[in-house]
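Please look through the sequence and the three-dimensional model shown here before reading on. The report is meant to be read with both in view.

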Amino acid sequence: MKLITSLLTAAMAIACLSSCNEKPRHYTFIQNMSDGKQIVEQIDAKNDTVALNLFLDRMTKAIVDNLEDSDSTSAKVESTYIISPDGDTLNTNLELTQAIEKQILNTQKKGAVPTR
């Protein structure tokens, strides 16, 4: 019995260590510009949720940059996508985006200042 318990404990420890050393996955961030150019970047993230959070941060920055740029001749971002290593477009995955939105709302609620 002790042998089985120690083997199970060792197997669980090995499983934990191998999952903790998980290598990041390579995602592709694509921006389509109004002048027809396409900007492609590689983003490393440990999973789809982290990649989508990075995408939302980049989107926020792109929107702010577009608003701050008063030069009407410069190219604007028309559309953006984040593509997983499996070929899925993450920002069109409704379940994943809703989970991220819920996570953001929960974070905002925790940090909110109570009013009297």
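What follows describes the sheet and the salt bridges of this predicted model.

Strand 1, which covers residues 25-33, pairs with strand 2 in the antiparallel sense over eight bridges, and Gln 31 has Ile 39 in strand 2 as its bridge partner.

**The salt bridges**

| Salt bridge | N to O distance |
|---|---|
| Asp 48 and Arg 25 | 3.8 Å |
| Asp 86 and Arg 25 | 3.1 Å |

The pair of Asp 48 and Arg 25 links distant parts of the chain, since Asp 48 belongs to helix 2 (residues 48-68) and Arg 25 to strand 1, 23 residues apart. Asp 86 lies in the loop between strand 3 and helix 3 (94-111) while Arg 25 lies in strand 1, so this pair ties together parts that are 61 residues apart in sequence. Through shared partners, the salt bridges join Arg 25, Asp 48 and Asp 86 into one network.

How accessible are the members of this network? Asp 86 counts as exposed because its relative accessibility is 59%, over the cut-off of 50%. Asp 48, at 25% relative accessibility, counts as partly exposed, and Arg 25, at 26%, also counts as partly exposed.

Key. Residues are numbered from 1 along each chain as its sequence is written. This is a predicted model: local features need pLDDT of at least 70, side-chain atom pairs count only at pLDDT 80 or more; totals for chains, interfaces and linings use all residues. Side-chain values use heavy atoms; hydrogens and water are left out. Two strands pair if DSSP finds at least two bridges between them. Helices (H or I, at least four residues) and strands (E, at least two) are DSSP runs, numbered from the N terminus. A salt bridge is a side-chain nitrogen of Lys or Arg within 4 Å of a carboxyl oxygen of Asp or Glu. Buried means under 20% relative accessible area, exposed over 50%, partly exposed in between (1.4 Å probe, protein chains only).
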